[in-house]
Amino acid sequence: MQPHLAILPIDGERRAEGGTALFAIAEKAQAALAAAKQGKHQPLHNALMEFTGKLDRDKILEIAVGVGIDRAQLEKDMEDPKIKAIIDRNLALASALGVRGTPAFVIGKQFVPGAVDAAALKQLIAEARKSQG
């Protein structure tokens, strides 16, 4: 059995801002996926993960420009129905698995919510491999 890592951009906690429900994590993921079209997924992902302030769409776009992304093209790419479909599929999968926040892992048949150190992850993977025969 080969391990498979899937990063699900989700945020189980809805926040109301300006009267509308917002999935801040999903919007970050939407921007990061769109940035891939400019070859800048990883730089934007890293910059967004390092940011510690309030993160809204304008700030996401500002950070994107700071890592060399064309803002107008990013905004256009963020509206791509294929990107929105990826986000929706990931949110549906997370909901079906009972994921309420990140990080979360599915190792073998075991759901592991929350942060887990490398040693614990290795042990869980070894156990999953052993049980698969």
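Analyst: The protein chain exposes about 8,600 Å², and carbon and sulfur atoms supply 55% of that area. The model is a predicted one. Of the 133 residues in the protein chain, 29% count as buried.

The protein chain has six helices and four strands, and along the sequence they follow the pattern β-β-α-α-α-α-α-β-β-α.

Now to the charged side chains. A salt bridge is counted when a side-chain nitrogen of Lys or Arg is within 4 Å of a carboxyl oxygen of Asp or Glu. By this rule the count is eight salt bridges. One of them is formed by the side chains of lysine 37 and aspartate 80, at 2.5 Å from N to O. Lysine 37 belongs to the loop between helix 1 (24-35) and helix 2 (41-50), and aspartate 80 to the loop between helix 4 (71-78) and helix 5, so this pair ties together parts that are 43 residues apart in sequence. Lysine 37 has a relative accessible area of 47% and is partly exposed. Aspartate 80 has a relative accessible area of 16%. Buried means under 20%, so aspartate 80 counts as buried.

Another salt bridge joins the side chains of lysine 84 and glutamate 79, with 3.1 Å from N to O. Lysine 84, at 35% relative accessible area, is partly exposed, and glutamate 79 is partly exposed as well, at 41%. Both residues belong to a network of salt bridges that links Glu27, Arg57, Glu79 and Lys84.

A further pair is aspartate 56 and lysine 54, whose side chains meet in a salt bridge at 3.9 Å from N to O. Here aspartate 56 is partly exposed, with a relative accessible area of 27%, while lysine 54 counts as exposed at 58%.

Helix 4 shows how burial is arranged around a helix. Its buried residues are Leu74, Asp77 and Met78. These three cover an arc of only 100° around the axis, which means that they lie on the same side of helix 4. Ala72 and Lys76, on the other side of helix 4, are exposed.

The surface also has a nonpolar part. Leu93, Leu97, Val106 and Phe111 form a nonpolar patch there, and together they have about 310 Å² of accessible area. Leucine 93 lies in helix 5 (residues 81-97). At 39% relative accessibility, leucine 93 counts as partly exposed.

Strand 3 (residues 104-107) and strand 4 (residues 110-113) pair in the antiparallel sense over four bridges. Phenylalanine 105 has valine 112, in strand 4, as its bridge partner. The hairpin of strand 3 and strand 4 has two residues between the strands, and glycine 108 takes a positive phi near 65° in this hairpin.

Technical notes: Residues are numbered from 1 along each chain as its sequence is written. This is a predicted model: local features need pLDDT of at least 70, side-chain atom pairs count only at pLDDT 80 or more; totals for chains, interfaces and linings use all residues. Side-chain values use heavy atoms; hydrogens and water are left out. Patches are made of residues with over 30% relative accessible area and no salt bridge: like charges are joined within 9 Å, nonpolar side chains (Val, Leu, Ile, Met, Phe, Trp, Tyr) within 5 Å. Accessible areas come from the Shrake-Rupley method with a 1.4 Å probe; for residues, only the protein chains shown count as cover. Buried means under 20% relative accessible area, exposed over 50%, partly exposed in between (1.4 Å probe, protein chains only). Two strands pair if DSSP finds at least two bridges between them. The arc is that of the directions from the helix axis to the C-beta atoms.
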